[in-house]
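Load the model in your viewer and keep the sequence panel open. The stops below go from the whole chain to single residues.

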Amino acid sequence: MEFLVDMVTTAPRGTSDDGVADMRGREAARSAELAAQGSLLRLWRPPLGPGEWRTWGLFQADDADELEVVLASMPLRAWRRETVTPLTPHPNDPGQPPR
């Protein structure tokens, strides 16, 4: 099953630039692991407002419980709000093989 996850991140007030850089580095490393495992399929950066830190991610998991385990393993989870949208195939999706 695929899920679109809208991730809005806010660093806690008073977090140093080094602290933010460390967290971003750990998040990048974990994202690479999840991609290698097939859980993280794509990431996008939507249009951002000033100071906004937001990402859209396409994840694959057996169900919502498995997705929760994946999202909980990501370091930036401590600083973000997520909106999860389960996705189902569309019959006219040009990326799907003909039926």
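**Whole chain**

Of the 99 residues of the protein, 29% count as buried (buried is under 20% relative accessible area, exposed over 50%, partly exposed in between, with a 1.4 Å probe and protein chains only). This is a predicted model, in which local features need pLDDT of at least 70 and side-chain atom pairs count only at pLDDT 80 or more, while totals for chains, interfaces and linings use all residues. Residues are numbered from 1 along each chain as its sequence is written, and side-chain values use heavy atoms, with hydrogens and water left out.

Switch to cartoon for the 2 helices and 4 strands, which are DSSP runs numbered from the N terminus (helices H or I, at least four residues; strands E, at least two). Along the sequence they follow the pattern β-α-β-β-α-β. Of the contacts between residues at least 6 apart in sequence, 67% join residues at least 24 apart; a contact means heavy atoms within 4.5 Å.

Now select residues 1-93. An unreviewed UniProt entry lists this range as "domain: Muconolactone isomerase"; UniProt positions are given in the numbering used here, feature names are shortened, and annotations may be inferred rather than shown by experiment. The end C-alpha atoms of the span lie 16 Å apart, and the span is 32% helix and 30% strand.

**The sheet**

Select the strands. In what order do the 4 strands lie in the sheet? The order is β2-β3-β1-β4, in an open sheet with antiparallel pairing. β2 and β4 (80-87) are the edge strands, each pairing on one side only. Neighbouring strands are turned by 20 degrees against each other on average, direction ignored; the axes are lines fitted to C-alpha atoms, for helices over the stretch in contact, and angles run from 0 to 180 degrees between N-to-C directions. Two strands pair if DSSP finds at least two bridges between them.

Start with β1 (2-9). This strand is largely enclosed by the rest of the structure, because 6 of its 8 residues are buried. On one pairing, 7 bridges join β1 to β3; pick Val8, which stands opposite Arg54 in β3. The pairing of β1 with β4 runs over 8 bridges, and the partner of Val5 there is Val84.

Move on to β2, which pairs with β3 (residues 54-60) over 4 bridges. Here Trp44 stands opposite Trp56 in β3.

**Ser39**

Go to the loop between α1 (17-37) and β2 (40-44), where Ser39 is found. Is Ser39 buried or exposed? Ser39 counts as buried because its relative accessibility is 10%. Leaving out residues up to four places away in sequence, Ser39 touches Leu34, Leu58, Phe59, Gln60 and Val70.

**The largest pocket**

Finish with a surface view. The largest pocket has a volume of about 220 Å³. A pocket is an open set of points on a 1 Å grid over the protein atoms alone, with protein on both sides within 12 Å along at least five of seven lines, and lining residues have an atom within 4 Å of a point. Grid points are joined across faces, edges and corners, and the volume is the space filled by probe spheres set on the points. Select Glu27, Arg45, Trp53, Thr55 and Leu76, the closest to the pocket centre of the 13 lining residues. α1 gives the most to the lining, with 4 residues.

Conventions
On a 1 Å grid over the protein atoms alone, a cavity is a set of points where a 1.4 Å probe fits but cannot get out, and a pocket is an open set with protein on both sides within 12 Å along at least five of seven lines; lining residues have an atom within 4 Å of a point.
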